[in-house]
Amino acid sequence: MLDYSKSSINQNKSNLSPENFKLWFESKFKGDWKKAYKDIGGKIDKKKVEQPKESEPSE
Amino acid sequence: MKNLCDTGNPVGLNKDCLAFPSRVKNIAIVDPAAKFNSLEEALSLSEWQAKIQASDGFYIPLGLANSEDTTDDPEIKTTALGYKFVASEPNPSATVYLLSNPCDFKDVVRTLRGGTYGIYLFFENGQIGGWFNEVGEFKPFKASLFANPFKIHDNANTENAYRVWINYQSNDEHKERAFLTPSWGLSLLPESMPNGLNLRQTSVVTSGEFTVNVSDRCGSGVTGLVLADFEMLDSNNADLEFATVTDDGNGNYTVTVDDGANLTPTVFGSGEYITFRVRVEATGLTTDISGTITVNA
């Protein structure tokens with residue numbers, strides 16, 4: 001597992017959704033994925049990331 | 001400024017222009033497409049420095065310990081009726097022996113494998129050799145270059161250890177050759193050069209990941225490099241890019257390569273290769289540069 005504090009990440013990875021970036025990041029690095037995401041220009045919508053997805057309302 | 005051979009000699013010999021050629025002291029290996037747009041540009045120190053520092057294909061004028069002309073004589077044939085004629089006019093060629101060291105020459109050997117390059121010649125008397133094309137551009141001579149791993153058992157001629165074969169590709173360019181005399185000394189050019197770095201692969205590629213070592217020339221590890229300092233020059237999969245670079249603090253870097261911003265990107269895999277170098281820029285100028293290496297997955 002690589003140390004994020006000594007790493008740099010391609011900015012293209014900010015095109016991943018926060019959820020996907022988190023999965024990708026945690027498969028490689030130890031460290032704060034949110035900081036890494038912001039470092040490369042990614043924007044995190046806290047509601048979307050931290051709140052569990054609600055099931056779709058039935059009609 | 002008057003340059004050797006500026007004056008044409010339509011009749012007789014112009015004694016003002018009599019001069020034996022000076023010896024070649026340095027060669028600059030450049031992109032074959034390199035050029036100076038005009039005589040004025042080619043004589044401008046700042047133009048040379050800008051091109052060198054931008055690293056757009058200009059390299060340090062390599063010092064020569066020795067050089068030999070290896071150009072074959074023209075092939076002369078005789079017809080059955082006794083007429084002689086020139087059957088072939090060989091392109092010029094040379095063997096040059098670089099002023100170098102084992103570390104730097106390793107990079108030269110790795111780089112010069114017979115591809116096509118441009119060569120500007122630097123003469124002992126301060127002149128620069130190239131040729132002018134039909135639109136007045138000062139161009140390097142096209143040549144294929146091949147370097148041989150240095151000889152280690154030639155005790156008598158160790159100064160000739162670092163050999164590079166130069167096979168020029170065009171006679172026509174040499175017929176248009178020009179010798180320019182800049183007002184500045186050629187020793188100013190190396191001072192504009194970026195620091196040279198050694199770059200070597202230190203592990204095989206596993207799951208798109210490998211390690212490299214970056215060091216000063218024959219020296220200590222270079223730390224603090226970031227992903228932007230790793231410059232991809234070529235690959236057989238145009239989608240490949242550096243995904244991450246991790247510095248261990250000792251000049252060793254773990255590099256991962258994949259094909260982009262997908263959750264499960266296609267990793268750098270079997271049958272693929274990348275060619276890259278380390279190039280550090282500050283305010284648009286190259287401050288440090290390594291030779292190129294090719295990594296096969």
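Student: What makes R277(B) buried or exposed in this model?

Tutor: The model is a predicted one, and in it R277(B) has a relative accessible area of 9%. Buried means under 20%, and therefore R277(B), at 9%, is called buried.

Student: Why is the contact between R277(B) and E231(B) called a salt bridge?

Tutor: The closest N and O atoms of R277(B) and E231(B) are 2.7 Å apart, and because the cut-off asks for a side-chain nitrogen of Lys or Arg within 4 Å of a carboxyl oxygen of Asp or Glu, the pair qualifies as a salt bridge. The two residues are 46 residues apart and link distant parts of the chain, with R277(B) in strand β17 and E231(B) in strand β14 of chain B. They also belong to a network of salt bridges that includes R279(B) and E281(B).

Student: What separates E26(A) and K22(A) along helix α1 of chain A?

Tutor: E26(A) and K22(A) are 4 residues apart in that helix, so about one helical turn separates them. Their side chains meet in a salt bridge at 3.5 Å, N to O, a value that lies within the 4 Å limit.

How values were computed:
Residues are numbered from 1 along each chain as its sequence is written. Chains are lettered from A and ligands numbered from 1 in the order in which they are written. This is a predicted model: local features need pLDDT of at least 70, side-chain atom pairs count only at pLDDT 80 or more; totals for chains, interfaces and linings use all residues. Side-chain values use heavy atoms; hydrogens and water are left out. Buried means under 20% relative accessible area, exposed over 50%, partly exposed in between (1.4 Å probe, protein chains only).
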